[in-house]
Amino acid sequence: MIYFDNAATTKIDDEILEAIIPYFSIHYANPSSNHLLGKELKKVIKKSKHQISNFLQCNENQITFTSGSTESINTILKGMFFSCLEKGNHIITVKTEHKAVLETCKYLETIGAEITYLDVDENGLIDLIQLENSIKKNTILTCVMHANNETGIIQDIDTIGKICKKHTIDFFVDATQSIGKIPINLENIDFLCFSGHKIHAPKGIGVLYTKEYSKISPLLHGGNQELIRSGTLNTPGIVGIGMACELLLSTEFKEINDLKLYLEKELQTLTNILIHGKNVERISTISNICFYDFEEGLLIEKLKDFAISQASACNSSVIQPSYVLKAMNLTNEQSFRSIRISVSKFTTQKEIDVFLSIFSKK
Ligand code: PLP
């Protein structure tokens, strides 16, 4: 099986795996314990925070460890809603956000939140004028993902941040797919999240950046191990995500992008395709392609030896077109014939060539 599903999750780096094993077997004490073993592990946690704050260019006390982006997203959306009850109840987000955002917003609507879901154009981009026009007196937060998990399309986070700043509205960026792949300037960003398992660290660990943590009402109450999050710290995960951030600094994303462009260019000569978001900025690792010449079932059968993701989702045995592609004005037919190919630093040209050879055979 050839693995082209790196937007779903990535293989852990060997270096990281080797480094974290002792934190399961030898250094297993609780980093919040006050004995010597706990104190030693506190230093390990601090080192990871240092690596992450150096990577993000922020302060260590602006980093909170969570279980992943779903938890971070829930923390910010619910935390802001509950802490701003006096100030306002309006949140602005986008129709193409991850389900972790959309479903949390749907839940918040049931308890009194007002949510604006911005449209995207055929290139997957929001209209900055629509964003600015949506801001009202009761708006407390704007939540926009940096790069889309289905298409890789990058939103203009800098300009969105400036608009939010101008109207003194907090801005939350879901950077789960983009982190390390494109530079990010935190100047106009109040909250940002990403997950370890998308960057070759283990599953079950995430980072939440908060410019001012005191603005957030915590989601998890308990022992206050973290400033806005309770629960025993996940030492192996924390060591892993710190290392992953350091490794991101030296990852050659240009090489990964070249591989993706090679795949797209060659594929175009072999079969009739449409690359979603082809004319706008996309991250190096995701390519979402509609294969006009193949019906959905046929395409899946043809690609059964590849771990790839379909744009359409199976929901109670009914196949639904992708809501992301639908928002970009693509037809159900185009959505059903689309797949996401997502590569990583471990993807080789040979693997891409095997994929291409499927389409060169008549
Ligand atoms: N946001 C985006 C853009 C994602 O791609 C994902 C995962 O696919 C999430 C949030 C949720 O992350 P996790 O599954 O690590 O909680």
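Which of the 13 residues around the ligand come nearest? This is a predicted model: local features need pLDDT of at least 70, side-chain atom pairs count only at pLDDT 80 or more, and totals for chains, interfaces and linings use all residues. Residues are numbered from 1 along each chain as its sequence is written, and side-chain values use heavy atoms, with hydrogens and water left out.

**View 1. The shell around the ligand.** T70, D174, Q177, S195 and K198 come nearest among the 13 residues of the shell. Helix α4, residues 69–83, gives the most, with three residues. Helices (H or I, at least four residues) and strands (E, at least two) are DSSP runs, numbered from the N terminus. By class, the shell has two nonpolar, nine polar and two charged residues. Here Ala, Val, Leu, Ile, Met, Phe, Trp, Tyr, Cys and Pro count as nonpolar, Asp, Glu, Lys and Arg as charged, and the others, Gly among them, as polar.

View 2. A side-chain N or O atom of D174 sits 2.6 Å from a ligand nitrogen. H98 places a polar side-chain atom 3.5 Å from a ligand oxygen. At S69, a polar backbone atom is 3.4 Å from an oxygen atom of the ligand. The protein buries 85% of the 390 Å² that the ligand exposes when taken alone (Shrake-Rupley method, 1.4 Å probe; for residues, only the protein chains shown count as cover).

**View 3. The second largest pocket.** On a 1 Å grid over the protein atoms alone, a pocket is an open set of points with protein on both sides within 12 Å along at least five of seven lines; a cavity is a set where a 1.4 Å probe fits but cannot get out; lining residues have an atom within 4 Å of a point. The pocket's volume is about 310 Å³. Grid points are joined across faces, edges and corners, and a volume is the space filled by probe spheres set on the points. Of its 15 lining residues, I45, K49, Q225, E226 and L233 lie nearest the centre. The largest share, five residues, comes from α3. The lining has five nonpolar, four polar and six charged residues.

**View 4. The largest cavity.** The count of cavities of 30 Å³ or more is two. The largest has a volume of about 100 Å³. Its lining has 14 residues, with K181, K198, H200, F253 and S344 nearest its centre. Five are nonpolar, six polar and three charged.

**View 5. The second largest cavity.** Its volume is about 60 Å³. Lining residues include T96, E97, M145, N148 and M328. By class, the lining divides into five nonpolar, five polar and one charged.

Definitions and conventions:
Near = heavy atom within 4 Å. Polar contact = N/O pair within 3.5 Å; in protein donor to acceptor, adjacent residues only side chain to side chain.
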